[in-house]
Amino acid sequence: MSSQELNRRVIWLTSTAGLALTLYLGLPAQAFAEEREPDPAVVVAQQAQVPPADAAAEEEEEEIETLIVTGFRQSLTNAIANKRRADIIIESISAEDLGRLPDVSVAEALARLPGVASQRTDGQSSAINIRGISQNLVFATLNGREQVTQNGNRSVEFDQYPSELLAGADVYKSPKASLIEGGLAGTVELKTLRPLDRDKRSFSVNVRGSYNDRANEILDANSLGYRVSGSYVDQFAEDRIGVSIGYARLVQPDVSVRFVGFDYAGRSRDFNADGLTDNPSFGFETEQQGGRNIRDGVFGTFQVKPNSVFEWTTDFFYSRFQTDSVGRGVRVIGTQEVNGTNTVVTNPTVAGRALIGGNFARNIGAPTLAGGGFGLTIQGINDDQRDRNNLFTLGSQAKFTFDRLTLSGDFTWSRAESTFANEVSAILPIVAQSAPVTSGNGNFPTAPVLGTNTSVQILLRGVDLPQVAFGQDLTDRNLHRLARFGVFPFENEDRLFAFRGDANYRFDSFISSIDFGVRYSTRDASQFRESADFGNDAGFFQFAETPLPPIQLTEANSSIQCFRGAFAAAGFPCFIAVNDPRGLVEAQLGGPVVPDQDQGFTRNDTFIVSEDVIAGYIQANLDTAVFGGVRLTGNVGLRVVRTEQSSFNQEVEAVTGQGSVGRSYTQFLPSGNFNFQLGENDVLRLAASRAISRAPIGQLGGGVGVGFSVANNRLEGGGGGNAGLLPFLANQGDISYEHYFGKTGIFSFALFYKNIESFIVSEEDEAFDFLAAGLLPLLSDTNLALFAAAEVGPNPPGVVGRFNGPGNGQGGFVRGLEIAATGSASFLPGAWSGLGATLSYSYTDSQINFEAGNSGETLVLPLPGLSNHVFNANLFYEWAAFSNRVGIRYRTNFISPQIGINQQLPFTNSELVIDYQASYKFPDTSPLKGFTLLAQANNLTDEPVRTFFGSEAQTGTLQFFGRQFFFGASYTF
């Protein structure tokens with residue numbers, strides 16, 4: 001049975017069983033009567049009518065509720081209450097207590113919610129998609145404050161936030177005017193603890209050891225790790241002052257074993273004699289990545305509430321995420337060179353129009369013959385992928401509450417930084433130190449010569465491991481030497497200062513209150529890139545700028561590593577792992593490796609993007625009766641946003657003397673949310689709004705050039721950035737029905753539709769307005785003179801021309817439905833009452849498509865991040881002190897960027913991730929009162945990430961991360 005078939009059967013069984021359970025729980029409404037959460041006014045009326053004889057029964061019922069609503073069920077109770085009280089459409093997660101969210105990061109916790117799916121990076125959920133829309137269009141706030149990012153983009157990396165330090169999170173699916181704009185897909189509101197919300201002092205400690213069952217296969221990985229956290233919450237001065245502080249540390253293996261197929265180079269020739277030209281790929285690599293992740297997180301809150309009028313809250317959050325990881329293995333490039341004279345292929349295998357297999361051989365040493373391509377190259381790789389990320393957010397709010405008026409002022413200061421080492425090396429079979437002929441590009445007449453017996457046999461097998469066989473021993477230190485070393489580091493910084501003032505005035509009418517306010521923010525995001533490159537890799541970087549005599553490898557400076565398990569069975573080879581490539585190169589050169597910006601691409605990739613935003617809003621909050629007594633709540637409002645954006649690029653400034661360009665725009669964002677209380681336990685929600693998400697920072701800031709074509713009599717330009725981009729823009733509507741039963745029971749059904757008017761794509765725009773985009777200053781003096789002369793000629797060209805790069809293309813729709821159910825079996829007798837389940841299913845469809853050529857063909861691809869089907873389930877059982885939960889996440893194919901030689905856009909295959917958690921909480925009568933024992937297993941089936949280009953036959957990435965196990969205890973007093 002294939003893994004996909006097994007996945008489908010597991011999903012069918014669990015979903016069928018869980019759905020049957022939940023529906024069964026939902027049918028007998030009276031069975032949940034003891035957990036029903038009625039309207040407070042009804043409670044008062046009922047209490048007035050309760051005879052004394054019923055008091056004992058009522059007290060017993062309350063005791064039963066107190067007993068059963070604990071653990072995971074308690075977190076569900078809190079989350080359902082949040083959803084029920086909300087004036088907009090939301091999903092919610094809530095911690096039973098601080099430090100008790102079980103997930104490694106908040107991304108894992110968010111992925112359990114309806115309509116939310118996660119994307120895994122290095123085995124951990126990091127980015128999330130909401131309603132089939134990618135992470136770039138997901139906005140995030142912490143305690144209501146905008147969050148900057150450390151990745152040179154806008155997508156928040158949620159694995160930066162330890163789940164142990166969060167009290168909960170809400171996902172806003174429909175906006176309202178008082179919310180900060182920016183979440184076209186949705187807004188994630190992360191929440192830390194407010195100490196005055198607690199009624200007593202508490203201190204908790206959480207310690208867990210971890211084990212990864214694949215780490216022992218990899219040189220640089222340790223199987224063991226740990227998680228520790230602690231928090232302290234207290235109140236002083238008769239509960240007028242509150243303090244909370246928490247710390248969390250994660251140390252765990254960074255582990256993956258992977259095959260990466262590179263994209264396809266375009267049609268080459270007819271390999272199978274069917275009369276059609278076929279597409280070879282650029283090559284592949286297979287790699288073991290090992291190291292460790294270290295994350296430290298700290299939060300603190302100081303809260304003062306001396307009286308009912310004034311409240312002051314200051315809080316901070318700091319997170320440092322450090323990855324020490326090295327990728328080691330073998331890279332094969334040049335398989336597309338079968339068109340030239342330096343590489344041959346025999347026994348080709350074609351699927352569709354893609355060359356997916358054959359015996360490839362290099363028939364000439366390096367330097368290669370001019371015009372023949374660089375030829376097949378097999379390299380040993382040892383790539384340093386160290387990454388450092390820091391995030392700090394500080395915020396303070398003063399709030400004044402009078403009889404009918406509430407005023408508040410809030411400021412935010414946030415900064416994020418990241419550094420990515422990006423050091424690469426190549427080990428090559430060197431048969432001579434100098435070449436008898438000049439190289440194809442003429443750089444180094446005495447470049448080292450590669451052996452001519454280089455060959456590899458490969459047969460791709462779709463989303464399963466390919467079969468490979470190498471024609472030479474890649475562990476021969478007498479032949480293989482360190483021949484090339486390069487460093488291409490990235491440094492990113494993102495800074496934000498924001499201030500907002502808000503007011504709320506309450507009425508005694510159908511408009512219960514009015515909110516209005518203003519917000520100002522200024523944000524600067526920068527990227528800085530350098531490079532240094534030495535030696536020869538006889539491939540993609542055929543000859544680096546600076547010579548490097550090949551370095552002899554020995555047992556002292558290297559070791560022999562081998563693939564194991566399924567990879568070894570598929571023919572993946574043993575290879576040489578270099579202990580310290582940089583140290584060997586610096587010793588050979590007699591000095592340190594110092595990167596610089598001599599290469600043009602480093603200056604193109606260096607930029608500063610600035611944004612100044614001022615927004616104002618007014619929002620009327622509703623609370624009235626309509627249609628003969630149906631209670632209507634919600635809000636109607638308008639948010640007006642003025643954005644001024646600019647980009648400064650180093651390379652552009654060097655060419656034109658004018659490095660800073662940009663534009664301004666104003667958006668009007670109306671919204672309405674209407675909640676009809678159809679009965680005691682039924683809510684119908686309708687929402688309509690207009691939403692934006694600003695362009696990714698990298699697309700605003702990359703290098704771009706503008707010239708004037710005399711031949712075409714028009715402006716022409718293009719590049720990696722466009723400071724004139726307008727935001728993504730959508731009109732959207734939602735309808736949601738919610739039925740509540742008890743405190744832990746809910747069934748919900750939702751439909752949504754987003755009409756996206758503007759969607760940013762990379763394409764050739766024949767009618768691009770250079771003036772409106774603010775790019776005219778990028779004309780060089782020469783082109784400016786040509787343009788000026790044409791403007792006064794007989795046929796002036798105007799400011800509309802051709803632009804090749806990111807632009808605002810046509811949009812389309814995104815639509816879908818969501819079904820979710822949560823229930824517990826509290827009506828069953830005895831231990832059976834501890835059963836429960838949460839289930840959700842979402843379907844998303846889109847008319848928005850874009851073109852990409854990674855498969856060798858120009859394909860029309862769906863939105864990145866969009867899975868047509870997403871299924872989440874949590875099956876839990878709690879009885880007395882024991883609790884356990886099985887979590888299941890499934891999503892179908894979706895587009896997701898991956899890095900090969902360059903960024904690629906393959907499909908990610910459908911995936912099923914299963915987690916398990918168990919705990920035992922010692923009762924209050926035990927000497928170990930306050931202690932809880934914990935056990936957790938993540939990714940129980942070692943589900944890999946599998947990607948492909950166009951069709952499954954064109955294998956992309958196959959990446960395995962191992963199973964992660966945690967064992968530990970927590971103590972609270």
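**Cavity lining, disulfide and local features of the predicted model**

Helix H4 contributes the most to the lining of the largest cavity, giving six residues. The structure is a predicted model, in which local features require pLDDT of at least 70 and side-chain atom pairs count only at pLDDT 80 or more, while totals for chains, interfaces and linings use all residues. Residues are numbered from 1 along each chain as its sequence is written, and side-chain values use heavy atoms, with hydrogens and water left out.

The largest cavity has a volume of about 350 Å³. A cavity is a set of points on a 1 Å grid over the protein atoms alone where a 1.4 Å probe fits but cannot get out, and lining residues have an atom within 4 Å of a point. The lining comprises 25 residues, of which Leu76, Ser92, Leu113, Pro114 and Thr822 lie nearest the centre of the cavity. Two or more residues each come from helix H4 (71-85) and from strands E1 (90-94), E36 (746-769), E37 (800-824), E38 (835-846) and E41 (869-879). Helices (H or I, at least four residues) and strands (E, at least two) are DSSP runs, numbered from the N terminus. By residue class, the lining divides into 13 nonpolar, nine polar and three charged residues.

One disulfide is present, a disulfide being a pair of cysteine sulfur atoms within 2.5 Å. The sulfur atoms of Cys562 and Cys574 are 2.0 Å apart. Cys562 lies in strand E27 (residues 558-562) and Cys574 in strand E28 (residues 574-578), twelve residues apart. The torsion about the S-S bond of Cys562 and Cys574 is about 105°, so the disulfide is right-handed. Cys562 is partly exposed, at 30% relative accessibility, and Cys574 is partly exposed with a relative accessible area of 30%. Buried denotes under 20% relative accessible area, exposed over 50%, and partly exposed in between (1.4 Å probe, protein chains only).

In helix H11 (residues 781-791), the buried residues are Asn783, Phe787 and Ala790. These cover an arc of only 65° around the axis, which puts them on the same side of H11; the arc is that of the directions from the helix axis to the C-beta atoms. Asp781 and Thr782 are exposed on the other side of H11. The cover over the buried residues of H11 includes strands E33 (704-709) and E34 (714-719).

The loop between E33 and E34 holds Asn713, a non-glycine residue with a positive phi of about 55°. Asn713 is partly exposed, with a relative accessible area of 29%. Phe627, also not a glycine, has a positive phi of about 55° and is placed in the loop between strand E29 (607-626) and strand E30 (630-649). Phe627 is exposed, with a relative accessible area of 69%.

Methods. On a 1 Å grid over the protein atoms alone, a cavity is a set of points where a 1.4 Å probe fits but cannot get out, and a pocket is an open set with protein on both sides within 12 Å along at least five of seven lines; lining residues have an atom within 4 Å of a point. Grid points are joined across faces, edges and corners, and a volume is the space filled by probe spheres set on the points. Ala, Val, Leu, Ile, Met, Phe, Trp, Tyr, Cys and Pro count as nonpolar, Asp, Glu, Lys and Arg as charged, and the others, Gly among them, as polar. Contact means heavy atoms within 4.5 Å.
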